[in-house]
Amino acid sequence: MLVKFLPHEVADIEPAFEFLKMQDLRRGAWETRFVLLIWLSLMCMIPFDLKSIDSQSSKGNDRIPLVDQMIETAKSYLDRAGRDCEAAGLFLARLLVRKDTSGLYLPEFVDWSKSVLSSNPIIFQAIGIMGTLCWIFKLGQRELLLPIAIDLENLLVFIESRDEFMSNSAMKKMIVKLSQRVGLCLLKPRVAAWRYQRGNRSLVSNLAAETTDATAIEKASMAIAEETEDDENFDVPEEIEGVIERLMNGLRDRDTIVRWSAAKGMGRISNRLPKEMADDVVGSIFELFSEDVFQLPNGEPDVSSVSEHTWHGASLAVAELSRRGLLLPHRLTELIPWIILALKFDVKRGAHSVGSNVRDSACYVCWSFARAYTPEVLDTHVRKLSNTLIAVSVFDRDINIRRASSAAFQENVGRMGIFPHGIEIVTVADYFSVGNITNSYLNVAPFIAGFEEYRRNLTRHLIEFVIPHWDIAIREVAADSMAKIAVLDLDYAFSDIIPALTKMTSSLDASVRHGALIALGKTCQAVKAHSPKPLEQCISSETLTHIAKVVPSIPEYMLTGFGSEHIRQALCVYMGCLAQAAWHTDEPTLMSWRAVVNSTLERLEEPLERLAADTSRAISAQYGISKMEFELWLNKIRRGATDRIGQRGFALALGEIDYRDERYRAWINTAVEALAATAQHAATGERNQANIADAEARRNAVNAVSNIVRVLDAQYQQVVSPELSRRILEIFLNGLNDYSVDHRGDVGSWIRESCMAGLEVMIPLVARLDYAAVRSSSSSKQEHYLSEEDHVQVVARLLQQSVEKIDRIRACAASVLVTLLYARADQSPSSEYVLKVPHREQLMEVIQEGNETNWLQPSEVYPRVVQLLNLPEYRSDLLVGFIISAGGLTETLVRHSSACLTEFVIDLPVTRMDTDDAHHSSSVAPSLTLVEFGNELMAIVSKFEGQDRIIVPLLEVLDMLFECGCMLMMEGEYDFAPMVRFVRRQTLKCKDVRKLSACIRTYCGLSALGGKIKNAILLELLRMLVHPFPKIRRTTADSMYLMLSGSVDEPTPESEKVGEVLVNSDWNQSIATLTPIRDQLYPLLKLEKPTPTPAVSRAK
């Protein structure tokens, strides 16, 4: 793109070169040097003698000074590691292959290159020299290069013996590239007459030849390929054998760039060889496929020991030969079995697999077939190729392989038209549809399996390669795909698919067994649902017996050892599918199923617990559950249970029982009470937490109660009594108080989120049932399961969660609030709202249905919700949420929440007598005063004192409110003495530095009130000056200095002395040293030093 915009005037050569010489190789921009070198390489192509251009040249001298300088300057760039080295190589090549410079300067440069490469150059310089030589052999005339070609071949032999060169990928690529270009130079330029030619390639030629006999043209082309002998008798130089051997070794190289260069070189060299020698080259490439391939007892080749690099290089070489017509049709019979193997090449090596590059290159081979051969040539191989390409297109693990295979299939369909149902498949299996692996497996594959020609091959490919795949995600989605495909041909599913999968469940390979279990379970469930006959008439008795014995036959080590979680997951899916399909099983087998499920419920892995609980639901729904097993589950979750991990799984299992069933309806009270005990969190200050379940068990217990309510649905009031319904509501509301913290952080948020999800299920359901019961009953004393007070309490608690500090919790609370506020009695948009709450209009104005408010962003949440503090029914809970956020630690959260709260409080009237509320900023009618706000704060103190989770943020909020002057507006109207006593209580026996610092700042804010309160506060602050913690002493001194400095209008000697003591004293000294210094402040502040109270003797 750049070159076509550069000028190439003769007059520009010397100025551009002079500018290049001025560049600093160390400090200058490489882009400048790169453009100058590219520009000079373009101007070197001018058709004028450079000697006539050089202003320094003389007539009697054959050398051209300008060229000498250019060569030396360009050589200095060959040891660079950047793009300017590549540009310098191109510049040198174009300069040296000119007719007026090649005779003198080209041999000199080659000799210099040989001498440098024979020494010990740095690797970058060696790469630069080799790159330049490659450019020379690409741009130069054959007559100029032949004299140096043989010498360079000998140089390449020497370079290959140097380990420092052969360990560098770029250097090996240059060796292969130079070797092939030397070989092309040694061979005469020619197009092999023996190569296979398909005929007209252009659309115009094909249309013009419509009236001719197409069959005759194709036969003539094949005759040329098979029978035409080389009409030129020439000897192939001996050096060509070394070139071919080097290229063959390049095909085995571990670096892709080397293999790709070697493959292209092999195609170019073969195009100039005689037919017999080229055929030997093709045979040697085919032999690469058979290296380290062993034959299994069943006759199939085993490729587990082969090198993926060798197969990749060989496939690329075959594609290049095919694309050029150098792979004759009679070789396809030998080649295509290897290509089909390459399309499926996926070998596990350790924790990963290799072979994606092999499969990709095999797709390239199939793509080249479409461009190289006629339909008649490939007709005998169409079935194998089309089936394999389709299987890879929809079932390969890698997206680029699926797309490459789809492209190869599309190319063959378009150019040959002999692939069955090609157009229909291409329209569905396109670039985008196979890009999504779920869509490819579950939609595209079943669609293609609808064509009989591909169905059974897709099934075999799933069984042989995909279901036993090493990637667990592939095995799982393959099982779903198998279930969808199996129902398309039930007879084949009964006779082949299910027996094959059943046999695979006995494999010792955990991956094979895992995939087979999942696939067998889902396939059996699918075919049973679609089969018009009983399975006993369709499946052999031996297979049915084997299916029944799958779970009991699992070895114990597979259920307890490494990787057992995957086998257990597969078993749960298998048992769940058979149970949902009402599969006939005997009692011993059912007992083994229950044993596996119960032991899986005690596993640590949470997804496994959830899956085991789902399986228990399917088994209990189909085969029932005994009272003994129910009691076992209850004992597992009761408080004090020794197995803490088991509490998690069995809590979930209790929620999966269908209590609508008459057999289990009497158990629901016991189950809910047990789950309530498990969901109970530690009370504040409770030290003995041995009987408290862990966070995961409490969350699962709440989820189990939610699931019970969800399953009961319309039969809720028929199964659940009003007292039990009250108990369920208490579980959810109590869970909203769970703020447990461990080393993982706020694990209580899991329980609160689950409780909100439970309220989202329960409240609309029960409210609708209450509404329907009232409408259908003639009695006005119809008992409600949810009172209006319950409605208000639920909304208030959710509002508190909607303004707390965790983004995820706020979003969950907002979602639940929308569901509850906009829940109607029925589906009609004009029906009545079922939730009876006061101030509905104000609530719906703030919490809007379908609004795009991002509840994860504090900047959008708090300005909207702060208006609701005016509503007395929700004020207390909402204010607690605001305090927790405004007094938190997250900067963004604190900034937005505290700013909104401060602005709201500033606008409040001081008392009811104050009528100056014209400038109130809230859209909700104000019904709150500053005095009432202060009372609400003290009510929170009395309710939560002792809970630092709320008290510490409350102290931070008090400091913030005093700092902005909000609280001082109440002076004379509010009694601050209880607040002072509250702050003092927080400092007693406290070792929390953050809490003590907040108390000190709050003290300083309260001191602005003056009078007795100020004196009491100064006494407390003086006490804090000799606190055991140095940090607290320093904080107290700094805060006192700022407070006293701001409260004194005219400095006095006493105030200056106080400031000097506070600022100049080292408060890191010992308490004994600081106490006399502190005592100096009492008279200066006109305070009486308190007298220590003597200890009362206990022995009386």
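Select Glu662 to begin: at a relative accessible area of 61%, Glu662 is exposed (exposed means over 50% relative accessible area, buried under 20% and partly exposed in between, with a 1.4 Å probe and protein chains only). Its side chain meets that of Arg665 in a salt bridge, 3.5 Å from N to O, the term standing for a side-chain nitrogen of Lys or Arg within 4 Å of a carboxyl oxygen of Asp or Glu. This is a predicted model, in which local features need pLDDT of at least 70 and side-chain atom pairs pLDDT 80 or more, while totals for chains, interfaces and linings use all residues. Residues are numbered from 1 along each chain as its sequence is written, and side-chain values use heavy atoms, without hydrogens and water.

Next, select Asp480 and Lys522, whose side chains form a salt bridge at 2.6 Å, N to O. The pair links distant parts of the chain, 42 residues apart, with Asp480 in helix 25 (residues 472-486) and Lys522 in helix 27 (residues 510-530); helices are DSSP runs of H or I with at least four residues, numbered from the N terminus. Asp480 is partly exposed at 27%, and Lys522 is partly exposed at 21%.

Move on to Lys995 in helix 49 (residues 993-1006), which counts as buried at 8% relative accessibility. Leaving out residues up to four places away in sequence, Lys995 touches Asp948, Ile951, Val952, Leu955, Gln986 and Cys990, where contact means heavy atoms within 4.5 Å.

Finally, select Asp398, in the loop between helix 20 (382-395) and helix 21 (399-415); Asp398 is buried, with a relative accessible area of 18%.

Terms used: Helix = DSSP H or I, 4+ residues; strand = E, 2+ residues; numbered from the N terminus.
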